[in-house]
Amino acid sequence: MIWDMLDEPTAIVDGYNSYYSFSRKRSGYSGTANFCRDSVTPVCAEEGLAGTLTVSETGSVGNYGNQTTFSDDELKDLDAEGRTVITQHRIRLEDGTEKDLAVINVYCPRFDPERHDRHHYKLRFYALLQTRAEALLKSGSHVIILGDINTTHKDIDHCDPDDEASNKRPSRLWLNQMFWEQDKDPSLDTDIDKEEFSAATPYTVGGKFVDTYRFFYPEKEGAFTNWCTLTNARATNFGRRLDYILADIDLANKCLKDASIMQDVEGSDHCPIKIELNCKCLPAKTCPPLCTKFMPEFSGKQQKLSTFFTKLTKKEVNSSLNICKNNKESENIVKKEEPKSSPEGVKSLKRPEKSNSFSQPLKRQKTTELKKTDSSSKQASLMSFFNKGAESKKRALKINQTMKVEQNKSSDKLETMETSSKYFSNEDKTRSNPEADDNEGKTAKTTSIVNENTSETANAWKNLLGGLGPAPLCKGHNEPCVLRMVKKPGPNKGKQFYTCARGEGLKSNPEARCDFFKWVVKKKT
């Protein structure tokens, strides 16, 4: 998604104020957004982790930490994909104390096994995220990190732990060192060389945050938030937990009431997650400058193309007509003040009137055509070009209705013919209506001819295109298979194959997909 694709119903929602960040590199590649109720309007809002996207300090969150291990180009590159939005709120705890709460919404990069640079980019993004979060904590603010972290923590967070590749281990090491001792996985609790480990810096500490879900459900299995849609893995809950809400230790101990994963909410390959805090938010009186309602296209400062096609009120029409009249009067005054003859030595730039006899009939023809048109609308409005489609639809609907009526009449006639023929036995055929018999025979012949033609046409197309025929049955469930195609680059790219139609799952699960596989072999023509 990009700025130009953001429409008003998405950006401006009643009862909420929203804050967006989009990718500056690729259109529709990545982006994040925070929607805050009006009762929790943030004091500050900012996009990015490094501060490279901050236009002015007014309304920005600040506290960027020690970024000396990052180059300027690297910081700009890490902020350029729209992967972070930060909103800072003012909250009141149960004991009456007021503090800041920074909510860091992130969409961490995905590891691409075919691109080593993206793996390095992902780890550096982790390092910058930790740098900013710990800097905000050091300033005295509570911190929540939420979103798609794009890695699993423990083996319990993956449907098939043995499938975790070794190249994903660095991201798990980073997430493990972020948590306090109660959440850490002993198998991942190793000493990290911060000089070599690109997901950390010499200035980050670690151990400052709590996995809010495991805070309440440390041993719960099957708590996944992401599933592969291509393999229908959600049906068998064959997924991973990639989405987290991390809270600082002090906030978790004082305010955290509950955490949940809403697996029943569909619409994406991810599902929502949420936490409940026992504190009161103190809304700001005005929204920060990053709020979408201050964007030119939504604040009324910049006109959209759609505004030219909206229906005007009477006042707006009258004002526009008065402006047109004033312009015409000023033009007439200027024409009257023009000298009738040009001064000596200066040629007149006015085009001489043509005395062509052929021009007069044409003018008369145009005026007569105008008279034929409606006097109230001599010139068609721009909206009439968009109404033509609606008028054509109405005509098409009328035609379809008349066709249906005719078809019903003809079907009624056929029904009466069929019922009348039933009254005559084989012995009384001589007394039957010969015209009805002829019509009945003709309809039977035409229907048989049409059926033969359609079947012959279908067979011809199948022979020409090499029809696949019915899908085979899988051996595990004796059910029709689903047809798929190889999309990965290689010698088999573009080839089709049959596989079990059920969702992906563990081999021990009888309800999951069986291992049936069959290549599609097309007949040679």
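The side chains of Glu-98 and Arg-92 meet in a salt bridge, with 3.0 Å from N to O; the term stands for a side-chain nitrogen of Lys or Arg within 4 Å of a carboxyl oxygen of Asp or Glu. Glu-98 also pairs up with Arg-90, and there the closest N and O atoms are 3.8 Å apart. This is a predicted model, where local features need pLDDT of at least 70 and side-chain atom pairs count only at pLDDT 80 or more, while totals for chains, interfaces and linings use all residues. Residues are numbered from 1 along each chain as its sequence is written, and side-chain values use heavy atoms, with hydrogens and water left out.

How open to the outside are these partners? Buried means under 20% relative accessible area, exposed means over 50%, and partly exposed is in between (1.4 Å probe, protein chains only). Glu-98 is partly exposed because its relative accessibility is 36%. Arg-92 has a relative accessible area of 30%, so Arg-92 is partly exposed, and Arg-90, with 29%, is partly exposed too.

Side chains of opposite charge can pair when their charged atoms come close. The structure holds 19 salt bridges. In one of them, Asp-157 joins Arg-214, with 2.7 Å between the closest N and O atoms. That pair ties together distant parts of the chain, 57 residues apart: Asp-157 is in the loop between S6 and H4, and Arg-214 is in helix H5 (residues 212–216). Both Asp-157 and Arg-214 are buried. Elsewhere, salt bridges with shared partners link Lys-25, Asp-77, Glu-81, Arg-83 and Arg-118 into one network.

Zooming out, the chain has eleven helices and 16 strands. These are DSSP runs numbered from the N terminus, helices being H or I with at least four residues and strands being E with at least two. Of the 525 residues in the chain, 33% are buried. A contact here means heavy atoms within 4.5 Å. Among contacts between residues at least 6 apart in sequence, 65% join residues at least 24 apart.

Next comes the inside. In soluble globular proteins, nonpolar side chains tend to be buried together. A nonpolar core is a set of buried Ala, Val, Leu, Ile, Met, Phe, Trp, Tyr and Cys residues joined through side-chain atoms within 4.5 Å. The largest one has 36 residues, and Ile-104, Leu-129, Ile-145, Ile-149, Trp-174 and Leu-246 touch the most other members. Two or more residues each come from helix H2 (72–79), strand S5 (98–107), helix H3 (116–138), strand S6 (142–148), H4 and strand S10 (243–248). H3 gives the most, with nine residues. Leaving out residues up to four places away in sequence, Ile-149 touches Val-106, Cys-108, Tyr-126, Trp-174, Leu-175, Leu-242 and Tyr-244. Another core of ten residues lies apart from the largest one, and its members include Ala-223, Phe-224, Trp-227 and Cys-271.

The side chain of Arg-172 reaches the backbone oxygen of His-153 at 2.9 Å. This is a polar contact, meaning a pair of N or O atoms within 3.5 Å; within protein, one must be able to donate a hydrogen and the other to accept it, and residues adjacent in sequence count only if both atoms are side-chain atoms.

Leu-188 sits in the loop between H4 and strand S7 (209–211). With a relative accessibility of 3%, Leu-188 counts as buried. Beyond its neighbours within four places in sequence, Leu-188 is in contact with His-153, Arg-169, Arg-172, Leu-173 and Asn-176. Leu-188 and His-153 are 35 residues apart in sequence, but 9.0 Å apart in space, C-alpha to C-alpha.

Two asparagines have a positive phi. Asn-150, in the loop between S6 and H4, has a phi of about 60 degrees although it is not a glycine. Asn-150 is buried because its relative accessible area is 14%. For Asn-63, phi is near 60 degrees, and this residue lies in the loop between strand S3 (44–47) and H2. Asn-63 has a relative accessible area of 36%, so Asn-63 is partly exposed.
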